[in-house]
Protein chains: 2
Amino acid sequence: MTETPGSASVGVTAERSDAARNRARLLEAAALLVAEGGPEHVTMREVAEAAGVGKGTLFRRFGDRDGLLLALLDEAEAEFQEAYTAGPPPLGPGAPAADRLASFGCALLGRIANDADLGAALGRQVPYARRAASGSGRSFHSHISTLLCQMGLDSDHDMLAHALLAFLSFESADHLREEHGVPTTRLQATWVDLVRRLTS
Amino acid sequence: MTETPGSASVGVTAERSDAARNRARLLEAAALLVAEGGPEHVTMREVAEAAGVGKGTLFRRFGDRDGLLLALLDEAEAEFQEAYTAGPPPLGPGAPAADRLASFGCALLGRIANDADLGAALGRQVPYARRAASGSGRSFHSHISTLLCQMGLDSDHDMLAHALLAFLSFESADHLREEHGVPTTRLQATWVDLVRRLTS
């Protein structure tokens with residue numbers, strides 16, 4: 001232990017940036033496999049082989065397959081998050097909060113119905129609770145909760161946001177589209193009606 | 001083929017009542033195993049053995065394990081269905097539709113939180129779509145939809161009922177209780193607020 005605190009800290013920093021590079025390399029390999037075969041077919045073994053690491057490394061880094069898919073999901077959601085936090089209105093700032101809320105739900109329902117949407121395909125693979133607790137799940141909730149607050153609702157914004165998000169879940173939307181043949185436009189109209197009723 | 005149409009029909013009736021008896025016997029064996037070990041541990045092999053039939057018979061009758069659990073669920077839900085369709089108000093008829101809707105959601109959220117509730121334990125074992133398409137799932141939906149209609153809402157009652165039901169799902173309620181430590185009373189208060197806002 002002849003290292004000074006300074007050089008130890010350099011060592012730690014180098015180790016952290018190594019870890020970040022490794023993480024990025026694993027996610028890149030996983031993203032490539034997801035793009036090729038769809039997220040439902042990706043296994044931890046394949047990703048480890050493609051990235052040239054042992055399966056143990058992959059599990060240590062992401063916990064399990066859901067953890068890996070959620071890490072990919074959070075990357076895939078960055079663009080949508082940019083759109084609803086900083087993009088043009090009515091989805092982004094500048095429109096009244098109720099219009100932004102209506103627009104947000106319609107956008108999310110549209111994405112769920114879009115087979116080419118990577119975020120939707122990834123999100124569909126992990127259970128409700130894991131998805132809701134993920135970075136993008138918490139962003140959705142916090143966005144809705146903030147808008148409800150801005151709408152001046154004298155409610156439990158936090159819980160009401162959870163209640164509304166449940167209707168925007170894959171479980172609900174996929175069931176209605178696949179089992180009942182409900183077109184996405186009808187789900188979106190119901191969302192807009194629900195938001196309108198909250199404020200009136 | 002010397003049988004007259006009359007005797008053939010007697011044969012068919014006898015066969016149907018045999019089938020009904022067999023079905024009841026299989027469900028009884030399954031219910032006993034569920035009561036002993038909880039629905040999450042019941043396997044098709046165990047039920048077949050307990051009922052003294054081959055596994056093939058069980059699969060032919062119920063399709064798969066989810067199908068068997070759903071058949072048990074529909075039996076377990078009969079009492080609750082009686083309560084909200086014919087029991088005392090405000091859950092049953094006699095109270096204003098909005099009060100009945102508030103009461104229905106609170107009752108359902110209370111049942112989800114009750115570890116001793118057999119219907120909740122069974123329902124939790126099957127995926128959202130299968131549960132929503134089951135007899136009791138459809139009864140819940142049709143009850144909410146009817147109440148929304150009686151409340152005079154100028155809305156798509158059918159879809160709005162689905163939207164509201166999503167918040168009453170295990171996926172949503174279990175997540176909030178288990179991951180966020182939200183007490184059931186707070187979920188119930190949010191439901192009541194939501195119903196109140198729909199009508200105001």
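## A ring cluster in chain A

Phe80(A), Tyr84(A), Phe104(A) and Phe140(A) are joined into a cluster by ring pairs. Keep in mind that this is a predicted model. Counting over all chains, the structure has twelve aromatic pairs.

One of them brings together Phe104(A) and Phe140(A), an edge-to-face pair with 5.6 Å centre to centre and 75° between the planes. The two residues sit in distant parts of the chain, 36 residues apart: Phe104(A) belongs to helix α6 (residues 97-112) of chain A, and Phe140(A) to helix α9 (residues 135-150) of chain A. As for solvent, Phe104(A) and Phe140(A) are both buried.

## The pair in chain B

Now for Phe104(B) and Phe140(B). Their ring centres are 5.6 Å apart and their planes meet at 75°, so this pair counts as edge-to-face, given that angles over 60 degrees fall in that class. Here too the pair links distant parts of the chain, with Phe104(B) in helix α6 (residues 97-112) of chain B and Phe140(B) in helix α9 (residues 135-150) of chain B, 36 residues apart.

Why do we call Phe104(B) buried? Because its relative accessible area is 0%, and buried means under 20%. Phe140(B) has a relative accessible area of 13%, so Phe140(B) is buried as well.

## An arginine over a ring

In chain B, Arg111(B) lies over the face of Phe80(B), at 4.6 Å from the ring centre.

Key: Residues are numbered from 1 along each chain as its sequence is written. Chains are lettered from A and ligands numbered from 1 in the order in which they are written. This is a predicted model: local features need pLDDT of at least 70, side-chain atom pairs count only at pLDDT 80 or more; totals for chains, interfaces and linings use all residues. Side-chain values use heavy atoms; hydrogens and water are left out. Rings of Phe, Tyr and Trp (its six-membered ring) pair if their centres lie within 6.5 Å; planes under 30 degrees apart count as stacked, over 60 as edge-to-face and the rest as tilted. Helices (H or I, at least four residues) and strands (E, at least two) are DSSP runs, numbered from the N terminus. Buried means under 20% relative accessible area, exposed over 50%, partly exposed in between (1.4 Å probe, protein chains only). A charge sits over a ring if NZ of Lys or CZ of Arg is within 6 Å of the ring centre and within 35 degrees of the ring normal.
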